[in-house]
Amino acid sequence: MIQLADARSLFDLPRERVWLNAAYMGPLPRAAVAAGERSYARKAAPWDYDVPTDFFAVPNAFRRAGARLFGAREEDVAIVPAASYGIATAVRNLKVGAGQEILLLDGQFPSNVYPWRRMAERDRARIRTVNRREGESWSEALLAAIGPQTGLVACAGTHWIDGGRIDLQAVSRRCREFGAHLVLDLTQSLGVQAFDAGTVDPDFAVAANYKWLLGPYSTGMLYAAPRHQNGEPLEENWIGREGSSDFAGLTQYRDGYDPGARRFDMGERGNFQLLPAAIESLELLNGFGVRAIEARLGELSDAIVEAVKPLGLAADTPERAAHYLALTLPGGAPGDLLARLAAQKVHVSQRGPRLRVSAHIYNDEADIARFAAALKDALA
């Protein structure tokens, strides 16, 4: 069995290429690529598709694999094409009172901002953006902002700009104290940061697959709490209706939906070309276990911090996530820093004044040494 320290062998990554940019996009594992190639080859022979398996069993396998990462049941998970789709589903099914506040974090990703502006307009509520002071964590700032005036909190598990981790259990307890809804975008944390839907109890939580979940673009998962599973989907597609497996009876139109969160599934949820690859990636993460992955990425992140200390860089975000580094550059970053690094086949991101460095299971100590050497050369 492959150990986490040797997980690079499961990816087609050239040794000379250093990809420390999972927060931007994760590479597909070899097994996912092979599954995707098989799925595309099958589309060349559509007579081989099997109705029970390809239209229903495959999506449900994806749902089960995703449910394990959410710490939820299979029936609690819907299949969505993007985080924005999941957030829009939450907006459709939640209400806040006139004059109440919808709390967002400063610098929150746009897909988790625009829908709430629409909700505020619809429900005559107010958007309140929560900032953190120097030395203050996002959790501290958010907990202090939640009160009787709060109708809904929308946040991430890890802030995408500075890597600050939000204490979702504490935020959830505070929301429940004041009867506020909680909606989460876990795109930058699910699969690499432990999460349990039963403990956190959000109303909805979504994650796109193409980053830390190592899946194809245009695939994602939405957790819907059981209390919302009689809600209104964004689409009225045929496959989410009860009895949809009976192809001969599709024109016997039914008002009822499939049980659980399936009513929130995107149209064409079978997604014949993408889901087989996505399942392989999710199963890989489940096989290693999220807590083991989180510990390994914490080790790699700590090693990166130590490697760049001599260059004057620091990871100074309070309560930062184990898998996520936002390094402060002394004196600011050269405008072409990313290009200089890329010329040495080293890839990271820059968000504002910070260098965002995000290792995953395919990275190792050799990558860290290469990164530190390339950064020293690029900053010279």
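How do the residues of the lining of the largest pocket divide into nonpolar, polar and charged? I looked this up and found eleven nonpolar, ten polar and two charged. I counted Ala, Val, Leu, Ile, Met, Phe, Trp, Tyr, Cys and Pro as nonpolar, Asp, Glu, Lys and Arg as charged, and the others, Gly among them, as polar.

I note that this is a predicted model, in which local features need pLDDT of at least 70 and side-chain atom pairs count only at pLDDT 80 or more, while totals for chains, interfaces and linings use all residues. Residues are numbered from 1 along each chain as its sequence is written, and side-chain values use heavy atoms, with hydrogens and water left out.

**Largest pocket.** I read a volume of about 390 Å³ for the largest pocket. A pocket is an open set of points on a 1 Å grid over the protein atoms alone, where a 1.4 Å probe fits, with protein on both sides within 12 Å along at least five of seven lines; lining residues have an atom within 4 Å of a point. Of the 23 lining residues, A83, F109, D185, T187 and K211 are the closest to the centre of this pocket.

**Second largest pocket.** I found about 190 Å³ of space here. The lining includes R165, D167, F195 and R291. By class, this lining holds five nonpolar, three polar and four charged residues.

Conventions:
Points joined across faces, edges and corners; volume = space filled by probe spheres on them.
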